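Please look over the model below before reading my numbered points. They begin with the inside of the protein and then turn to its strands and cores.

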Amino acid sequence: PDTQVMPTSGSKEAVFSSPLAFVDPTADESVVYGTPGYPIYERGALFAGAATDPVVLDGDFVLRASDVSEESWDRARMLWTCTPHNPTGAVTSDAELAELVNAARATGTLLMSDECYADIYEESVYPNGPGSVLQHAGDDAAGVLAFFSCSKRSGMTGYRSGAMVGDAAAISAL
């Protein structure tokens, strides 16, 4: 907890400001994210001076590693995924989360997983809840950060309570 967990004032501000810690605006780097999706991924990237690289989601609205072109992986400094997906509620499978972790590590891309709705799901469909990238990241969670919100599950949006969990070096940079 001392090196891999950082409490936040909600998740929105953490998601928005995270690119400032990792993006070099003078480098040929981009931030990849699925669209439609939470507009803060794009806004935070632009504010940090990064190029943006949206990946159009269709059908089931799940961002898969194979949806990202090789060129996009090569330029990506960060990739945002969201499960359960905002705004559709689509849940990324454990196999797909593992593929994202592996692809991000293979390309040196920081995998940012917005899991703010992790506590809102159909229990009959997901008796153990939706999966997390942290389940596939290993104990050190190298190259992986997950973002959580306590306010969504409790219906207390104004209370602004959340956390970032994962890679100790990334947490230190933040």
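1. The largest cavity has a volume of about 80 Å³, and the count of cavities of 30 Å³ or more comes to 1. A cavity here is a set of points, on a 1 Å grid over the protein atoms alone, where a 1.4 Å probe fits but cannot get out, and its lining residues have an atom within 4 Å of a point. Grid points are joined across faces, edges and corners, and the volume is the space filled by probe spheres set on the points.

2. This is a predicted model, in which local features need pLDDT of at least 70 and side-chain atom pairs count only at pLDDT 80 or more, while totals for chains, interfaces and linings use all residues. Residues are numbered from 1 along each chain as its sequence is written, and side-chain values use heavy atoms, with hydrogens and water left out.

3. Of the 14 residues lining the largest cavity, Gly34, Leu57, Thr81, Cys82 and His85 are the closest to its centre. The lining divides into 9 nonpolar, 5 polar and no charged residues, where Ala, Val, Leu, Ile, Met, Phe, Trp, Tyr, Cys and Pro count as nonpolar, Asp, Glu, Lys and Arg as charged, and the others, Gly among them, as polar. The largest share of this lining, 3 residues, comes from β4; strands such as this are DSSP runs (E, at least two residues), numbered from the N terminus.

4. Strand β6 (residues 144–149) has 5 of its 6 residues buried, buried meaning under 20% relative accessible area with a 1.4 Å probe and protein chains only. Strand β6 runs parallel to β5 (residues 110–114), to which 4 bridges join it, and Ser113 stands opposite Ala146. Two strands pair if DSSP finds at least two bridges between them.

5. On β7 (residues 162–166), strand β6 pairs in the antiparallel sense over 5 bridges, and Phe147 stands opposite Met164. Strand β1 (residues 5–8) is also joined to β7, antiparallel, by 4 bridges. Because 4 of its 5 residues are buried, β7 is largely enclosed by the rest of the structure.

6. The largest nonpolar core has 21 residues, and Val31, Trp80 and Phe147 are among those with the most contacts inside it. Such a core is a set of buried Ala, Val, Leu, Ile, Met, Phe, Trp, Tyr and Cys residues joined through side-chain atoms within 4.5 Å. A second, separate core of 20 residues includes Leu63, Ala65, Ala141 and Ala146.

Methods. On a 1 Å grid over the protein atoms alone, a cavity is a set of points where a 1.4 Å probe fits but cannot get out, and a pocket is an open set with protein on both sides within 12 Å along at least five of seven lines; lining residues have an atom within 4 Å of a point. Buried means under 20% relative accessible area, exposed over 50%, partly exposed in between (1.4 Å probe, protein chains only).
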